[in-house]
Amino acid sequence: MATEDGIIMDGKVVRDALLAGLRDQIMAAGTPAITLATVLVGDDGPSRKYVGSKHKQAQSIGMKSVGVDLPATATQAEVESAVKNLVDDVAVHGILVQIPLPANLNEESVLDLLPAAKDVDGLTTASLGRLVRGIDGHIGCTPLGVMRLLEFYGITTSGKRAVVVGRSTLVGYPLSILLARKGIDCTVTLAHSRTPNLAAVCREADILISATGMARSITSEFVKPGACVVDVGISRTESGIVGDVDFEAVKKVAGFVTPMPGGTGVMTVACLLENTLSAARMQGVAI
Ligand code: NDP
């Protein structure tokens, strides 16, 4: 029997399509050596796992990847020297410094060493400045992943009302800029913890994106019937990973909704590789 539930925006399907497209472009160009370098400091388990999956997926589409692995005792000078070596290496196209760095290190000083062309995570001041000014550069992997999901599912953006909940420089703020860009043309509201009557603000959205980390806080009362709801939040609970969105209730109201897990999270590495390909292009690789 047909249900009236909204369409589930399946991140794995979109990720696989994106990776296949990247692989095809690399093969068609004769598999030039496009190289992603990662810098991992310390032995944080999840960080090690994320970096490992970045290498594995890079190699699966015909990219080279190199990993610089430094101990938790590495000094600021040692980390900066490792990053500078990669910046100076013309064979390296994209550099990802896995954050957070250990607390004794100055993260900003390390990130500031990355030139915009090689900053495939899109998190540096240079990259965010380019985003604001509309100059070509790399967009953060999570915001880019959200945009790719919207594109894949044919979500109309022009003239639509978008509400982004959460204003971090990692997710919410860059997303609000992307959605308001010429060509995307949403009318954007950027909501946060001081926004009064958040449910009413969210109910105005044709596209509602939540990136707060407040588990299941976006209930069906926050959603306009037929709206597109994208869940970025990740909360680890006793019953596993849950998102900001109360998925079971919201899917009955929304026109489109992402699951968590299986929605935005799985897009991140694919978007990192997309950025690495465009980094290579920016640095003169014919692809
Ligand atoms: P931050 O903690 O940096 O920002 C959270 C934002 O949410 C802040 O702007 C905060 O407002 C806002 N906020 C917090 N509580 C509320 C509330 N009750 N109502 C409205 N707004 C609220 O987090 P991040 O942006 O780094 O991450 C957000 C979530 O996304 C986390 O769960 C994180 O794990 C997840 N994440 C998921 C990724 C993915 O691939 N899916 C990738 C990266 C992050 P204020 O500014 O006023 O404090």
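Two residues count as in contact here when heavy atoms of theirs lie within 4.5 Å. Keep that in mind for these close-ups, which come from a predicted model.

**View 1. Glu80 and the residues it touches.** Leaving aside residues up to four places away in sequence, Glu80 touches Ser109, Val110 and Leu113. You'll find Glu80 itself in helix H3, which covers residues 76-88. Is Glu80 buried or exposed? Its relative accessibility is 18%, and buried means under 20%, so Glu80 counts as buried.

**View 2. Glu80 and Gly94, in sequence and in space.** Count along the chain and these two are 14 residues apart. Go from C-alpha to C-alpha instead, and Glu80 and Gly94 are 16 Å apart.

**View 3. An open sheet with three strands.** Read across the sheet and the order is E3-E2-E4, with parallel pairing. Strands E3 (64-70) and E4 (94-97) are the edges, each pairing on one side only. On average, neighbouring strands here are turned by 15° against each other, ignoring direction. As a bit of background, strands of a sheet pair through backbone hydrogen bonds.

**View 4. Where E2 meets E4.** Strand E2 takes in residues 35-41, and four bridges join it to E4, with the two running parallel.

View 5. Helix H3 touches E2, E3 and E4, and its direction makes about 165° with that of E3. Helix H10 (residues 267-282) packs on the sheet too, touching E2 and E4. The direction of H10 makes about 125° with that of E2.

Terms used. Residues numbered from 1 in each chain as written. Predicted model: local features only at pLDDT ≥ 70, side-chain atom pairs only at ≥ 80, totals over all residues. Heavy atoms only, no water. Buried < 20%, exposed > 50% of the residue type's maximum accessible area, 1.4 Å probe, protein only. Pairing = 2+ DSSP bridges. Axes fitted to C-alpha atoms, helices over the stretch in contact; angles between N-to-C directions.
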